Structures are given as C-alpha cells and as structure tokens.
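Let's take a friendly walk through this structure, one piece at a time. Have the sequence and the 3D view ready as you read.

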Amino acid sequence: MISISHLYFSYTGGAPYLLKDLSFDIEEGSYVSIIGMNGAGKTTLMRLILGFLSPSSGGIMVSTKAIGYVPQTDPTSMAGFPITVEELLFSFASAKGMPRSGREEAVENVLDAVGMAGMKRSLFPSLSGGERQRVLLARALLGENRLLILDEPSTGVDLKSQRELYALLKVLNRQRGITIVAVEHNLAEAIASSTELIHLKDGRAHICSPAAYQEEEKKELEPDRNEG
Ligand SMILES: Nc1ncnc2c1ncn2[C@@H]1O[C@H](COP(=O)(O)OP(=O)(O)OP(=O)(O)O)[C@@H](O)[C@H]1O
C-alpha cells in the first residue's frame, strides 16, 4: 500500500539528512506505528507519506488516494466555534464533494463505527479529548477511506478513553481491514496494537514486529554476561 525506496530527507535540501536511505513497504491491512525519540523524524516521515513534504531524494509510492488523516487534537482549537458533531462531519463531506443524497447515511455510518452516534447533536468544543478524537476518526473514515494516518492519537486523551480508542483502532484494522499508520509516543499501546513497528533511530528506520522490538530492548538492558 505504501512503498518507500531509498528515501533521503533534510529540511535544508542537502546533507546532513534527518532521514537516510529509508526503504520499506507497508502492506495493506497492517497496523504500523512509527516510534522513536523526540526529534527522530517521526512527524516528518508521516508528512512525507501524506505528501505534505517531498523527499530530498528517493521515492514514496502510496497506492490509494482514499486516505484519512487524524491530526493531533488541540483542546483550545474551535473553542469559540460552536459547531455540532454532525455539522462538522456534514461540512467535511460536502467539502470532499460527497453527493448530498448520500451524506446523511455516510455521516451516520461513520459515527456509528466510532460509537458517537448518540452525541451527534453535541457541540464539538464541549466534548472530552477522547470524544473529540473519535469524531476526528469518524471524519477520517468518511468516503470509505482504506488508509488511516494518525498523529499521536492518544494526546490529550485520558487513560480510560485511550484504552477505548486503541480498542476501536484495532477493530477498524483487524475487522474492517483498514490500514493504519500512526506516529506514536505511547510505546505500550504501539506494542499492544501494531502488527509492525517502524523504529526511527539516527536517521535510519528499523522495521520489526512488536515482539522482536521488545526482545531487542531487553537485550540492550541486560548486562553482557560474557564480560568479566
Ligand atoms: N519545518 C521544519 N523546518 C526545519 N526543521 C524542522 C521542521 N520541522 C521539524 N524540524 C526538525 O526536524 C527534526 C525532526 O522533527 P520531527 O517533528 O519530525 O520529529 P519527531 O520524531 O516527530 O519528534 P517529536 O517526538 O518531538 O514529536 C527536529 O530536529 C525538528 O526540529
């Protein structure tokens, strides 16, 4: 679904590169979390995949245009803009050029999918962090999107709502076959939810299963038994 080949990127256009010679594929139906230290380039890689940035060299191929993007929720945004959940989704459906006749059903369906149908008349700014995140997820699902790209989905979401949110993402991935790519600070959830991890370190990408990642981390923490 996404194929990255010998990708180099720097914000200055030349060396030193933030991302160096990245090559990997993200298969349809996978749930991939991009992890790494602050400043490792996670958001940059996500923006490259979304096409908001262009590689310095190398290529990125994304085989679908049906991409839903879930940005980080900002609790202060839209505070003075009293739009209801339903209105927010209608305006997005309309901006996407979705035919008027199908909009109501499409909005109902995506709100159902994220468990927010009962709150469609609520004002968006009055919702909790977790509820807002669900509405943004619903918005990203409009138009039968098959690829969801999320930027730190648990930011501003309390622990209980985080658990619900990741359970929902897993259902969308495992049961509906939606491919998920998430920039993730929440390592525990990344390990529990993902089928693969992309670990960015020193400009390189290490692709591994969550189990292999945990094994590697354990080895790094263990004292070297052969020493002494
Ligand atoms: N528009 C920009 N122009 C120049 N440098 C930038 C720009 N955006 C990010 N950077 C720099 O690129 C590096 C990687 O940033 P990026 O946001 O991709 O990292 P990250 O892994 O997402 O970090 P974090 O975990 O802190 O969110 C950082 O050193 C950052 O300062």
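Strands β3 (residues 31-36) and β8 (residues 196-201) run parallel to each other, and five bridges pair them. Look along this pair and you will find Ile34 opposite Ile198 in β8. Keep in mind that what you see is a predicted model.

Now widen the view to the sheet around this pair. Six strands make up an open sheet, and its order reads β5-β6-β7-β3-β8-β9. The pairing in this sheet is mixed. At the edges lie β5 (67-70) and β9 (204-208), each of which pairs on one side only. On average, neighbouring strands of the sheet are turned by 15° against each other, if direction is ignored.

Next, find the helix α1, which packs on the sheet. The strands that α1 touches are β3, β5, β6 (147-151), β7 (179-183) and β8. The direction of α1 makes about 150° with that of β6.

From this helix we can move on to a single residue. Where does Pro55 sit? Its place is in the loop that lies between α1 (42-50) and β4 (57-62). Leaving aside residues up to four places away in sequence, Pro55 touches Leu7, Tyr8, Phe9, Leu48 and Ile60. For a sense of distance, take Ala66: Pro55 and Ala66 are eleven residues apart in sequence, and their C-alpha atoms are 21 Å apart in space.

Key: Residues numbered from 1 in each chain as written. Predicted model: local features only at pLDDT ≥ 70, side-chain atom pairs only at ≥ 80, totals over all residues. Helix = DSSP H or I, 4+ residues; strand = E, 2+ residues; numbered from the N terminus. Contact = placed C-beta atoms within 7 Å. Pairing = 2+ DSSP bridges. Axes fitted to C-alpha atoms, helices over the stretch in contact; angles between N-to-C directions.
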